[in-house]
Amino acid sequence: MKSPIRVGILGLGRIGKMHTRNLLTMKEFEVVCGADPFLTPETERELLELGVPQCTKDPADIFDDPSIDAVVICSVTETHSDFIIRATKAGKDIFCEKPIDHDVGRIVDALRAVQQAGVILQVGFMHRFDRHHGALQKKIADGTIGDVEVLKITSRDPAPPSMEYIRTSGGIYVDFMIHDFDMARFLTGSEVAEVFATGTSVCDPEIAQNGDVGSGHAVLRFENGAIGILETSRRSSFGHDQRIEALGSKGCVMDDNEYENNVRFFTHDGYHGAKVPYHFPERYKEAYFVELRDFAQAVNQRTAPPVTGFDGLQAVLIAEAAARSAKSGRLEPVERMEI
(Lines give C-alpha, C1' and ligand atoms only; values in the text may rest on other atoms or scores of the structure.)
Protein backbone atom coordinates (compact mmCIF):
# COMPACT_ATOMS: atom_id res chain seq x y z
CA MET A 1 0.00 0.00 0.00
CA LYS A 2 1.20 3.49 -0.87
CA SER A 3 2.05 5.99 1.83
CA PRO A 4 -0.75 8.39 2.76
CA ILE A 5 -1.00 11.55 0.67
CA ARG A 6 0.22 14.42 2.84
CA VAL A 7 -2.22 17.33 2.50
CA GLY A 8 -2.53 20.96 3.51
CA ILE A 9 -5.97 22.52 3.95
CA LEU A 10 -6.43 26.06 2.60
CA GLY A 11 -9.44 27.70 4.25
CA LEU A 12 -10.78 26.62 7.64
CA GLY A 13 -14.38 27.77 7.53
CA ARG A 14 -17.40 25.46 7.45
CA ILE A 15 -16.35 23.45 4.38
CA GLY A 16 -12.69 23.46 5.38
CA LYS A 17 -13.46 22.08 8.82
CA MET A 18 -15.76 19.43 7.36
CA HIS A 19 -13.14 18.24 4.87
CA THR A 20 -10.50 18.28 7.61
CA ARG A 21 -12.61 16.07 9.88
CA ASN A 22 -13.18 13.66 6.99
CA LEU A 23 -9.54 13.57 5.91
CA LEU A 24 -8.39 12.84 9.44
CA THR A 25 -10.41 9.60 9.40
CA MET A 26 -9.21 8.40 5.98
CA LYS A 27 -6.24 6.06 5.58
CA GLU A 28 -5.49 7.55 2.15
CA PHE A 29 -4.47 10.92 3.64
CA GLU A 30 -2.34 12.52 6.31
CA VAL A 31 -3.30 16.09 7.27
CA VAL A 32 -0.12 18.11 7.79
CA CYS A 33 -1.29 21.71 8.14
CA GLY A 34 -4.32 23.98 7.93
CA ALA A 35 -4.05 27.61 6.79
CA ASP A 36 -6.49 30.51 6.95
CA PRO A 37 -5.65 34.25 7.07
CA PHE A 38 -8.64 34.69 9.38
CA LEU A 39 -7.65 31.88 11.73
CA THR A 40 -9.02 32.46 15.24
CA PRO A 41 -7.67 30.99 18.47
CA GLU A 42 -10.94 29.07 18.84
CA THR A 43 -10.63 27.46 15.40
CA GLU A 44 -6.95 26.66 15.94
CA ARG A 45 -7.71 25.02 19.27
CA GLU A 46 -10.59 23.03 17.74
CA LEU A 47 -8.43 21.70 14.89
CA LEU A 48 -5.47 20.89 17.10
CA GLU A 49 -7.79 18.90 19.35
CA LEU A 50 -9.06 17.02 16.29
CA GLY A 51 -5.51 16.04 15.42
CA VAL A 52 -4.25 18.63 12.93
CA PRO A 53 -0.52 19.02 13.76
CA GLN A 54 -0.21 22.66 12.72
CA CYS A 55 -2.40 25.67 11.93
CA THR A 56 -1.22 28.93 10.42
CA LYS A 57 -2.50 32.21 9.02
CA ASP A 58 -0.04 32.12 6.10
CA PRO A 59 -0.87 29.89 3.09
CA ALA A 60 2.80 30.06 2.11
CA ASP A 61 3.54 27.69 4.99
CA ILE A 62 1.70 25.05 2.98
CA PHE A 63 2.99 25.92 -0.49
CA ASP A 64 6.59 26.12 0.75
CA ASP A 65 6.52 22.80 2.60
CA PRO A 66 8.11 20.18 0.29
CA SER A 67 6.69 17.35 2.40
CA ILE A 68 3.11 18.29 1.46
CA ASP A 69 1.93 16.38 -1.63
CA ALA A 70 -1.47 17.99 -2.22
CA VAL A 71 -3.67 20.89 -1.20
CA VAL A 72 -7.40 20.94 -0.47
CA ILE A 73 -8.74 24.40 -1.31
CA CYS A 74 -11.74 25.38 0.79
CA SER A 75 -11.13 29.14 0.97
CA VAL A 76 -13.32 31.92 -0.44
CA THR A 77 -13.88 31.64 -4.19
CA GLU A 78 -11.83 34.73 -5.03
CA THR A 79 -8.67 32.91 -3.85
CA HIS A 80 -9.21 29.61 -5.68
CA SER A 81 -7.49 30.29 -8.99
CA ASP A 82 -4.54 32.00 -7.30
CA PHE A 83 -4.11 29.07 -4.91
CA ILE A 84 -4.33 26.61 -7.83
CA ILE A 85 -1.56 28.45 -9.66
CA ARG A 86 0.58 28.61 -6.51
CA ALA A 87 0.06 24.89 -5.99
CA THR A 88 1.13 24.11 -9.56
CA LYS A 89 4.34 26.09 -9.05
CA ALA A 90 5.00 24.04 -5.93
CA GLY A 91 4.28 20.78 -7.78
CA LYS A 92 1.33 19.87 -5.56
CA ASP A 93 -1.85 18.09 -6.62
CA ILE A 94 -5.09 19.95 -6.01
CA PHE A 95 -8.60 19.32 -4.78
CA CYS A 96 -10.58 22.55 -5.13
CA GLU A 97 -14.10 23.33 -3.96
CA LYS A 98 -16.47 24.79 -6.57
CA PRO A 99 -16.46 27.16 -8.32
CA ILE A 100 -12.87 27.50 -9.53
CA ASP A 101 -13.40 31.27 -9.78
CA HIS A 102 -16.01 33.85 -10.63
CA ASP A 103 -13.80 35.15 -13.46
CA VAL A 104 -13.50 32.92 -16.55
CA GLY A 105 -10.16 34.45 -17.52
CA ARG A 106 -8.65 33.49 -14.18
CA ILE A 107 -10.09 29.98 -14.49
CA VAL A 108 -8.42 29.55 -17.87
CA ASP A 109 -5.11 30.78 -16.47
CA ALA A 110 -5.37 28.31 -13.60
CA LEU A 111 -6.23 25.37 -15.86
CA ARG A 112 -3.36 26.16 -18.20
CA ALA A 113 -1.02 26.22 -15.21
CA VAL A 114 -2.35 22.79 -14.18
CA GLN A 115 -1.72 21.43 -17.69
CA GLN A 116 1.80 22.80 -17.84
CA ALA A 117 2.73 21.50 -14.40
CA GLY A 118 1.23 18.04 -14.98
CA VAL A 119 -0.50 17.98 -11.59
CA ILE A 120 -3.91 16.54 -10.73
CA LEU A 121 -6.83 18.94 -10.27
CA GLN A 122 -10.21 17.68 -9.07
CA VAL A 123 -13.16 20.04 -8.56
CA GLY A 124 -15.49 19.47 -5.61
CA PHE A 125 -18.86 18.72 -7.20
CA MET A 126 -19.96 16.23 -4.55
CA HIS A 127 -23.42 15.65 -6.07
CA ARG A 128 -21.83 13.35 -8.65
CA PHE A 129 -20.65 11.04 -5.87
CA ASP A 130 -24.04 10.53 -4.20
CA ARG A 131 -25.04 6.86 -4.48
CA HIS A 132 -28.59 7.69 -5.59
CA HIS A 133 -27.52 10.16 -8.27
CA GLY A 134 -24.80 7.73 -9.38
CA ALA A 135 -27.31 4.88 -9.78
CA LEU A 136 -29.59 7.16 -11.79
CA GLN A 137 -26.71 8.18 -14.07
CA LYS A 138 -25.89 4.52 -14.75
CA LYS A 139 -29.49 3.84 -15.84
CA ILE A 140 -29.16 6.67 -18.34
CA ALA A 141 -25.68 5.66 -19.52
CA ASP A 142 -26.54 1.99 -20.05
CA GLY A 143 -29.53 2.85 -22.24
CA THR A 144 -32.21 1.56 -19.87
CA ILE A 145 -34.46 4.56 -20.56
CA GLY A 146 -33.27 5.16 -24.12
CA ASP A 147 -32.31 8.64 -25.24
CA VAL A 148 -32.86 11.35 -22.63
CA GLU A 149 -35.53 13.81 -23.73
CA VAL A 150 -36.24 15.79 -20.56
CA LEU A 151 -34.16 16.16 -17.39
CA LYS A 152 -35.61 17.74 -14.24
CA ILE A 153 -33.50 18.70 -11.22
CA THR A 154 -34.83 20.20 -8.00
CA SER A 155 -32.37 21.61 -5.42
CA ARG A 156 -33.55 23.56 -2.38
CA ASP A 157 -31.71 24.65 0.73
CA PRO A 158 -33.56 24.81 4.07
CA ALA A 159 -32.85 28.50 4.70
CA PRO A 160 -31.04 31.42 3.03
CA PRO A 161 -27.45 32.16 4.04
CA SER A 162 -26.41 35.47 5.56
CA MET A 163 -26.82 38.63 3.51
CA GLU A 164 -23.05 39.12 3.67
CA TYR A 165 -22.67 35.76 1.93
CA ILE A 166 -25.37 36.67 -0.61
CA ARG A 167 -23.51 39.86 -1.52
CA THR A 168 -20.22 38.06 -2.19
CA SER A 169 -21.35 34.65 -3.47
CA GLY A 170 -21.54 35.55 -7.15
CA GLY A 171 -25.29 34.94 -7.30
CA ILE A 172 -27.55 31.91 -7.12
CA TYR A 173 -26.61 30.59 -10.57
CA VAL A 174 -22.85 30.60 -9.90
CA ASP A 175 -22.98 29.80 -6.20
CA PHE A 176 -25.83 27.31 -5.89
CA MET A 177 -27.27 26.12 -9.19
CA ILE A 178 -23.74 25.44 -10.47
CA HIS A 179 -24.03 21.99 -8.85
CA ASP A 180 -27.08 21.30 -11.00
CA PHE A 181 -25.39 22.59 -14.15
CA ASP A 182 -22.59 20.13 -13.50
CA MET A 183 -25.07 17.34 -12.81
CA ALA A 184 -26.95 18.14 -16.02
CA ARG A 185 -23.78 17.59 -18.07
CA PHE A 186 -22.88 14.50 -16.04
CA LEU A 187 -26.29 12.88 -16.43
CA THR A 188 -26.98 13.65 -20.09
CA GLY A 189 -23.42 13.30 -21.36
CA SER A 190 -24.08 16.38 -23.48
CA GLU A 191 -22.90 19.97 -23.43
CA VAL A 192 -25.39 22.80 -22.91
CA ALA A 193 -25.92 25.04 -25.95
CA GLU A 194 -28.36 27.65 -24.60
CA VAL A 195 -29.92 28.72 -21.32
CA PHE A 196 -33.04 30.64 -20.35
CA ALA A 197 -33.20 31.67 -16.71
CA THR A 198 -35.41 33.69 -14.42
CA GLY A 199 -35.80 34.13 -10.67
CA THR A 200 -37.70 35.67 -7.79
CA SER A 201 -37.03 36.68 -4.20
CA VAL A 202 -40.48 36.08 -2.75
CA CYS A 203 -38.87 33.82 -0.12
CA ASP A 204 -36.85 36.77 1.23
CA PRO A 205 -37.11 40.27 -0.34
CA GLU A 206 -33.85 41.27 1.34
CA ILE A 207 -32.04 38.93 -1.04
CA ALA A 208 -33.17 41.10 -3.97
CA GLN A 209 -31.95 44.19 -2.13
CA ASN A 210 -28.53 42.53 -2.05
CA GLY A 211 -28.47 41.84 -5.77
CA ASP A 212 -29.58 38.21 -5.98
CA VAL A 213 -32.69 36.04 -6.19
CA GLY A 214 -33.98 33.57 -3.63
CA SER A 215 -35.34 31.11 -6.20
CA GLY A 216 -33.73 30.53 -9.58
CA HIS A 217 -35.11 28.60 -12.53
CA ALA A 218 -33.31 27.61 -15.71
CA VAL A 219 -34.24 25.84 -18.93
CA LEU A 220 -31.29 24.24 -20.69
CA ARG A 221 -31.09 23.29 -24.35
CA PHE A 222 -28.51 20.52 -24.75
CA GLU A 223 -26.49 19.97 -27.91
CA ASN A 224 -28.03 16.47 -28.22
CA GLY A 225 -31.54 17.96 -28.37
CA ALA A 226 -32.63 17.21 -24.80
CA ILE A 227 -34.20 19.82 -22.51
CA GLY A 228 -33.24 20.41 -18.88
CA ILE A 229 -35.56 22.04 -16.34
CA LEU A 230 -33.76 23.16 -13.18
CA GLU A 231 -35.33 24.69 -10.09
CA THR A 232 -33.37 26.03 -7.14
CA SER A 233 -34.52 27.77 -3.98
CA ARG A 234 -32.70 29.13 -0.96
CA ARG A 235 -35.61 28.24 1.34
CA SER A 236 -37.30 24.90 1.86
CA SER A 237 -39.02 24.82 5.24
CA PHE A 238 -38.92 21.01 5.54
CA GLY A 239 -35.18 20.56 4.89
CA HIS A 240 -32.71 19.97 2.06
CA ASP A 241 -34.77 18.99 -1.00
CA GLN A 242 -32.89 17.09 -3.74
CA ARG A 243 -34.73 15.25 -6.51
CA ILE A 244 -33.95 14.26 -10.10
CA GLU A 245 -36.06 12.81 -12.90
CA ALA A 246 -35.00 11.86 -16.43
CA LEU A 247 -37.53 11.00 -19.14
CA GLY A 248 -36.20 8.96 -22.03
CA SER A 249 -37.46 7.42 -25.24
CA LYS A 250 -37.88 4.01 -23.52
CA GLY A 251 -38.81 4.96 -19.98
CA CYS A 252 -38.15 7.18 -16.99
CA VAL A 253 -35.75 7.12 -14.05
CA MET A 254 -35.90 9.23 -10.89
CA ASP A 255 -34.43 9.52 -7.43
CA ASP A 256 -36.15 10.98 -4.42
CA ASN A 257 -34.88 12.61 -1.24
CA GLU A 258 -33.19 10.58 1.44
CA TYR A 259 -35.25 10.26 4.61
CA GLU A 260 -34.29 9.65 8.23
CA ASN A 261 -35.99 6.27 7.88
CA ASN A 262 -38.36 4.50 5.49
CA VAL A 263 -41.27 4.13 7.92
CA ARG A 264 -44.61 5.56 6.74
CA PHE A 265 -47.79 5.39 8.77
CA PHE A 266 -51.42 6.47 8.61
CA THR A 267 -53.60 7.78 11.45
CA HIS A 268 -56.89 9.63 11.75
CA ASP A 269 -55.07 12.90 10.97
CA GLY A 270 -53.39 11.70 7.79
CA TYR A 271 -50.23 10.25 6.28
CA HIS A 272 -46.92 10.61 8.08
CA GLY A 273 -43.29 9.98 7.24
CA ALA A 274 -39.76 10.78 8.36
CA LYS A 275 -37.96 14.04 7.73
CA VAL A 276 -35.41 14.70 4.99
CA PRO A 277 -31.87 15.73 6.03
CA TYR A 278 -31.80 19.35 7.15
CA HIS A 279 -28.88 20.54 5.00
CA PHE A 280 -26.26 19.45 2.45
CA PRO A 281 -23.57 18.25 4.93
CA GLU A 282 -26.02 15.60 6.16
CA ARG A 283 -27.50 14.82 2.72
CA TYR A 284 -24.10 14.36 1.06
CA LYS A 285 -22.13 13.08 4.04
CA GLU A 286 -20.94 9.91 2.31
CA ALA A 287 -20.45 11.63 -1.06
CA TYR A 288 -17.80 13.88 0.45
CA PHE A 289 -15.79 10.79 1.44
CA VAL A 290 -16.25 9.15 -1.96
CA GLU A 291 -14.99 12.17 -3.88
CA LEU A 292 -11.87 12.36 -1.70
CA ARG A 293 -11.19 8.65 -2.14
CA ASP A 294 -11.47 9.10 -5.90
CA PHE A 295 -9.09 12.07 -5.68
CA ALA A 296 -6.60 9.89 -3.81
CA GLN A 297 -6.86 7.24 -6.52
CA ALA A 298 -6.22 9.81 -9.25
CA VAL A 299 -3.19 11.15 -7.36
CA ASN A 300 -1.72 7.71 -6.70
CA GLN A 301 -2.34 6.35 -10.18
CA ARG A 302 -1.64 9.67 -11.99
CA THR A 303 -4.91 9.39 -13.90
CA ALA A 304 -7.57 11.96 -14.74
CA PRO A 305 -9.88 12.64 -11.78
CA PRO A 306 -13.63 12.05 -12.14
CA VAL A 307 -14.35 15.81 -12.10
CA THR A 308 -11.74 17.76 -14.04
CA GLY A 309 -10.88 21.41 -14.33
CA PHE A 310 -12.66 21.39 -17.70
CA ASP A 311 -15.83 20.25 -15.93
CA GLY A 312 -15.41 23.11 -13.47
CA LEU A 313 -15.01 25.60 -16.31
CA GLN A 314 -18.08 24.33 -18.18
CA ALA A 315 -20.28 24.67 -15.11
CA VAL A 316 -19.19 28.30 -14.68
CA LEU A 317 -19.81 29.06 -18.37
CA ILE A 318 -23.36 27.68 -18.07
CA ALA A 319 -23.89 29.67 -14.87
CA GLU A 320 -22.70 32.86 -16.59
CA ALA A 321 -25.13 32.29 -19.46
CA ALA A 322 -27.95 31.74 -16.95
CA ALA A 323 -27.07 34.96 -15.12
CA ARG A 324 -27.07 36.86 -18.42
CA SER A 325 -30.42 35.35 -19.37
CA ALA A 326 -31.98 36.31 -16.03
CA LYS A 327 -31.07 39.93 -16.83
CA SER A 328 -31.85 39.96 -20.56
CA GLY A 329 -35.01 37.85 -20.49
CA ARG A 330 -33.75 35.92 -23.54
CA LEU A 331 -32.17 32.59 -24.36
CA GLU A 332 -28.43 33.05 -24.00
CA PRO A 333 -25.74 30.92 -25.69
CA VAL A 334 -23.18 29.12 -23.56
CA GLU A 335 -19.68 30.29 -24.45
CA ARG A 336 -17.26 27.72 -25.82
CA MET A 337 -13.66 27.82 -24.64
CA GLU A 338 -10.62 25.61 -25.21
CA ILE A 339 -7.79 25.23 -22.73
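Me: Hi! Which residue forms a salt bridge with arginine 302?
Reply: Arginine 302 pairs with aspartate 93, their closest N and O atoms being 2.8 Å apart. A salt bridge here is a side-chain nitrogen of Lys or Arg within 4 Å of a carboxyl oxygen of Asp or Glu. This is a predicted model, where local features need pLDDT of at least 70, side-chain atom pairs count only at pLDDT 80 or more, and totals for chains, interfaces and linings use all residues. Residues are numbered from 1 along each chain as its sequence is written, and side-chain values use heavy atoms, with hydrogens and water left out.

Me: Thanks! Where do arginine 302 and aspartate 93 sit in the chain?
Reply: Arginine 302 is in the loop between H12 and helix H13 (309-328), while aspartate 93 is in strand E5 (residues 93-97), 209 residues apart. Helices (H or I, at least four residues) and strands (E, at least two) are DSSP runs, numbered from the N terminus.

Me: And is aspartate 93 buried or exposed?
Reply: Aspartate 93 counts as buried, at 6% relative accessibility. Buried means under 20% relative accessible area, exposed over 50%, and partly exposed in between (1.4 Å probe, protein chains only). Arginine 302 is partly exposed, at 45%.

Me: How many salt bridges are there by this rule?
Reply: The count is 22. Among them, aspartate 101 pairs with arginine 106, with the closest N and O atoms 2.9 Å apart.

Me: New topic: what does phenylalanine 295 touch?
Reply: Leaving aside neighbours within four places in sequence, phenylalanine 295 is in contact (heavy atoms within 4.5 Å) with residues including Phe29, Asp93 and Ile120. Phenylalanine 295 is in helix H12 (residues 285-301) and is buried, at 0% relative accessible area.
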